[in-house]
Amino acid sequence: MNQDRDRSLLSIPASTQDHMQGVLNADVVLVVYGDYQCSVSADVYKMIKAIKRELSAAFGEDYLCLIFRHFPQTQIHPHAQRAAQAAEAAAVQGQFWLMHDTLFAHQQKLENGYLVEYANNLGLDIPQFLKELSKQVHIDRINEDIENGGITTAPALFINNIRYTGRWRITELMAAIVATSH
Amino acid sequence: MTSQSTMIRVLIADDHSIVRQGLTTIINRDPEMTVIAQAEDGQQAIDCFREHQPDVTLMDLRMPQVSGVEAISAICAEFKPARIIVLTTYDGDEDIYRGLRAGAQGYLLKDTKSNELLNAIRTVACGQQYIPPDVGAKLVQRLNNPELRERELEVLGLMARGMSNSDIATALSISENTVKTHVNRILSKLGVSDRTQAVIVAVKRGIVSL
């Protein structure tokens, strides 16, 4: 029982260390664990982005904060971990979300050559990007996300620290988010 | 009923257990085939080959310790009639070229459908080659590309690690001018105008890895 309860709660609280769109004291803080090579993760991210747009228009920019953490499933998605590293390398250069969106938009093309191409298209410092990727400097952060997440599969979503267990349908998800804050 | 002696005995070498399990299930479902051993890396593949002498080996390319290409070369040097199919996620023309040059008779990508995989195993087991048309086209492309020299490959490998010309000069104990000459030749051979594009093309083609 205890274990079940633990799994339904976010184990590491949202912090400034996270990649976020919005403010930490927002009415609703969404923490998503995702895998760049997983189509459901991409769909869920797209859904959440649409919800965020709509709710921000209705309740203001500070209503919803979106946080993304890595959960590459390397056994089934051979490019997912490298893609996460590319996102982290872009983060160092202040372009996490642009790289993040690019990776989800091109999840059929995540081989290493494409990762460099995306970094180049975003105008990143390529020698720096290559150094970080080849030395795997971001692997620890990604592994921390995986190990501390308390989840076994991606995507996983926590709404104000509580695991969302409903279906991945936009109306159902939006209802759950609005219900949390009212 | 197929008797044990006419069954095609298959060895699978892949560092991902989930891939090995999936392949085993697909292959064992075919009444004419059976998976006799699995290896997690290139060295184990060589050892398993020696022990079991399978009819057909499915070999991943990027594996820890001993790579797929090295394992194929070692096995083919020792066992002339070895029948090996490369099964990989990498479709760069250099990967294809190196795999086949090492002695593989077939080259499949991991998104291949099960019936095509089984066909490929049957074809290679009969002593024929199995090269899908898109793989063949890339091989032709590779054969038409100018060959990079060993030193150029070294320089390119360091470029892919984000090193500047002066870093590369220090790492290889050569002058920066010599590095520049190598870089210019690399750009020209790869048909690109800058080092970033050189790295992108080289990584995509499998000439260097990140």
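A residue counts as buried when its relative accessible area is under 20%, and as exposed when that area is over 50%. Keep those cut-offs in mind for this tour of a predicted model. With them, 51% of the 210 residues of chain B count as buried.

**Stop 1: chain B as a whole**

Among contacts in chain B between residues at least 6 apart in sequence, 63% join residues at least 24 apart.

**Stop 2: the sheet of chain B**

Now colour the strands of chain B. In what order do the five strands lie in the open sheet? Reading across, you meet β2-β1-β3-β4-β5, with parallel pairing. At the edges are β2 (33-39) and β5 (106-109) of chain B, each of which pairs on one side only. On average, neighbouring strands here are turned by 25° against each other, ignoring direction.

Zoom in on β3 (residues 56-59) and β4 (residues 84-88) of chain B, where three bridges hold a parallel pair. Pick B:T57 and you will find its bridge partner, B:I84, in β4(B). Then move along to β4(B) and β5(B), which are also parallel and share four bridges. Here B:I85 is the residue opposite B:G106 of β5(B).

**Stop 3**

Select helix α1 (residues 17-29) of chain B. This α1(B) lies across β1 (8-13), β2, β3 and β4 of chain B, and runs at about 165° to β2(B). To see where they meet, show B:L23, B:I26 and B:I27 from α1(B) beside B:S114, B:L117, B:L118 and B:I121 from α5(B). Of the residues in this contact, six are nonpolar, one is polar and none is charged.

**Stop 3: the sheet of chain A**

Bring chain A back. Its five-stranded open sheet has the order β1-β3-β2-β4-β5, and the pairing is mixed. Strands β1 (19-21) and β5 (162-163) of chain A are at the edges with a single partner each, so one side of each has no neighbour in the sheet. The partner to view beside β1(A) is β3 (residues 64-70) of chain A, which runs antiparallel and is joined by three bridges. Click A:H19 to find its bridge partner in β3(A), A:F68.

Helix α7 (residues 139-148) of chain A lies across β1, β2 (28-34) and β3, at about 105° to β3(A). Helix α8 (residues 170-181) of chain A lies across β2, β3 and β4 (156-159), at about 30° to β4(A).

**Stop 4: an enclosed helix**

Select helix α4 (residues 96-105) of chain A. Seven of its 10 residues are buried, so this helix is largely enclosed by the rest of the structure. Look for A:F96, A:W97, A:M99, A:H100, A:T102, A:L103 and A:F104, which are the buried ones. They pack against several elements of chain A, including β1, α2 (39-59), β3 and α3.

**Stop 5: two glutamines**

Finish with two loop residues. A:Q17 is in the loop between α1 (2-7) and β1 of chain A. A:Q73 is in the loop between β3 and α3 (80-92) of chain A. Which is buried and which is exposed? A:Q73 is buried at 13% relative accessibility, whereas A:Q17 is exposed at 60%.

Show what surrounds A:Q73: among the residues it touches are A:D35, A:C38 and A:A80. Its side chain also makes a polar contact of 3.3 Å with the side chain of A:T153.

Methods:
Residues numbered from 1 in each chain as written. Chains lettered and ligands numbered in written order. Predicted model: local features only at pLDDT ≥ 70, side-chain atom pairs only at ≥ 80, totals over all residues. Heavy atoms only, no water. Pairing = 2+ DSSP bridges. Contact = heavy atoms within 4.5 Å. Axes fitted to C-alpha atoms, helices over the stretch in contact; angles between N-to-C directions. Buried < 20%, exposed > 50% of the residue type's maximum accessible area, 1.4 Å probe, protein only. Polar contact = N/O pair within 3.5 Å; in protein donor to acceptor, adjacent residues only side chain to side chain. Nonpolar A, V, L, I, M, F, W, Y, C, P; charged D, E, K, R; others polar. Lists of a residue's contacts leave out its neighbours within four places in sequence.
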